[in-house]
Amino acid sequence: MKAVVYDKFGPPDVLEFKDVDKPTPKDNEILLKVHATSVNAIDMIFRSGASLLFGFTKVMAGFRKPKVNILGFDASGEVDSVGNKVTKFKKGDLVYGAAMLPGGNAEYYRIAEERAALKPANMTHIEAAAVPDAACVAYSALIDKVSIQEGQKVLIYGASGGVGTFAIQVARLFTTEVTAVCSTDKISNAKELGAKEIIDYTQENFTTNGQVYDIIFDAVGRKKITYKDCKKSLTKKGIYITVDLEAVLFKYMFNKRVIGIFAPVNTQILDFLREQIEARKIKSIVEKTFPLSQTADAHRYYEKGHLKGKVVISVINNN
Ligand SMILES: NC(=O)c1ccc[n+]([C@@H]2O[C@H](COP(=O)([O-])OP(=O)(O)OC[C@H]3O[C@@H](n4cnc5c(N)ncnc54)[C@H](OP(=O)(O)O)[C@@H]3O)[C@@H](O)[C@H]2O)c1
């Protein structure tokens with residue numbers, strides 16, 4: 001099969017488009033004929049060999065050289081075959097999901113069945129491949145960890161990126177009081193996704209404007225903002241939740257108002273998301289699509305940052 005392979009850590013140039021053996025699914029896995037796969041921050045971490053989460057990412061990605069040679073976690077496609085113990089899926093099912101270890105930048109990809117679900121019927125594979133990782137983060141933060149309630153005031157910091165665009169929509173399932181923080185050219189997008197208030201961070205600092213929120217979700221990470229910055233912008237019982245688990249893990253262990261997440265992908269969340277997508281309450285924003293052979297360019301594009309939604313890699317035509 002065709003795949004994008006890397007044998008050493010480094011910049012996007014390490015990615016090579018070549019022929020490799022088609023994988024065989026294990027007992028609990030489905031083998032997906034990949035139609036589309038999307039680019040996430042975790043792909044950059046695996047590709048560069050960065051040590052994050054106190055070395056955990058090296059344990060996953062490899063210490064001296066890559067443990068797994070194909071990147072890509074998110075995927076949408078068609079079930080090609082299933083392992084002996086798979087009960088939920090059969091050959092031909094259209095499925096989306098993300099495995100624990102990457103492999104989606106290829107024509108075929110193994111995913112454990114508990115990390116996949118039937119693809120939303122009203123989405124193309126390109127749109128569906130944009131969902132798993134980013135939308136599961138939004139679900140995990142707002143529903144699983146902070147149990148967002150009807151009418152709460154929620155601020156999404158980084159509302160225009162992969163995670164942020166889903167976070168606005170997940171918050172809107174519960175409350176109309178959603179404030180999006182983004183840069184100037186993303187304002188109309190945040191409005192269209194349902195944000196009531198928009199703060200352009202290039203013009204206004206939300207931490208000094210006197211407003212308070214029940215939930216502040218930092219969907220940017222990389223310490224662009226901290227709990228300390230946000231403290232005065234939280235209500236008395238307000239919660240600060242961040243995608244940057246490393247920034248808060250030990251520091252705020254006993255502070256229930258500070259949460260860092262390491263988001264899971266599983267069938268239950270993907271099923272929930274599919275229902276919302278089919279009810280037209282959640283959609284994907286895809287900024288740009290690249291063919292599989294240009295995966296290195298997709299990584300370069302992602303790394304420029306300031307994205308509107310997701311970067312997706314199309315593996316076969318007619319998605
Ligand atoms: N913990 C987990 O389980 C988990 C899982 C997935 C991802 N993540 C993390 O989540 C973060 C977001 O991922 P993503 O894929 O959504 O990234 P992304 O698509 O690149 O989005 C990041 C957004 O951050 C905004 N931004 C950049 N600089 C900013 C600043 N100084 N102030 C405010 N906003 C700024 C950008 O918006 P503008 O264009 O408007 O500037 C951009 O759209 C990453 O740090 C990633 O590592 C964590």
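**Reading a predicted model, feature by feature**

Me: Which residues come nearest to the ligand in this predicted model?

Reply: Of the 28 residues around the ligand, those that come nearest are Ala-41, Gly-161, Ser-183, Gly-221 and His-306. By class, the shell around the ligand holds 14 nonpolar, 10 polar and four charged residues.

Me: How many residues does each domain bring to the contact between the two?

Reply: The protein is divided into domain 1 (2-131 + 284-314) and domain 2 (134-260), and the contact takes 11 residues from domain 1 and 11 residues from domain 2. On the side of domain 1 that touches domain 2, six residues are nonpolar, three are polar and two are charged. The C-alpha centres of domain 1 and domain 2, for their part, lie 27 Å apart.

Me: How should I read strand E11, and is it largely enclosed or open?

Reply: In general, the side chains of a regular strand alternate between the two faces of the sheet. Here, six of the six residues of strand E11 (residues 213-218) are buried, so E11 is largely enclosed by the rest of the structure.

Me: Which strands pair with E11?

Reply: Strand E8 (residues 154-157) pairs with E11 in the parallel sense over four bridges, and strand E12 (residues 234-242), which also runs parallel to E11, is joined to it by five bridges.

Me: What does phi tell me about Phe-54?

Reply: As a general idea, most residues other than glycine have a negative phi. Phe-54 is not a glycine, yet its phi is positive, at about 55 degrees. Phe-54 is placed in the loop between helix H1 (41-48) and helix H2 (56-61), and it counts as exposed because it has 12 C-beta neighbours inside 10 Å, where the cut-off for exposed is 12 or fewer.

Me: Where is Arg-280 found, and does it count as buried or exposed?

Reply: Arg-280 is found in the loop between helix H9 (267-278) and strand E14 (286-291). Arg-280 has 8 C-beta neighbours inside 10 Å and therefore counts as exposed. Although Arg-280 is not a glycine, its phi is positive, at about 60 degrees.

Methods
Residues numbered from 1 in each chain as written. Predicted model: local features only at pLDDT ≥ 70, side-chain atom pairs only at ≥ 80, totals over all residues. Helix = DSSP H or I, 4+ residues; strand = E, 2+ residues; numbered from the N terminus. Buried ≥ 20, exposed ≤ 12 C-beta atoms within 10 Å, placed from the backbone. Near = placed C-beta within 6 Å. Nonpolar A, V, L, I, M, F, W, Y, C, P; charged D, E, K, R; others polar. Domains from an automatic or database assignment. Contact = placed C-beta atoms within 7 Å. Pairing = 2+ DSSP bridges.
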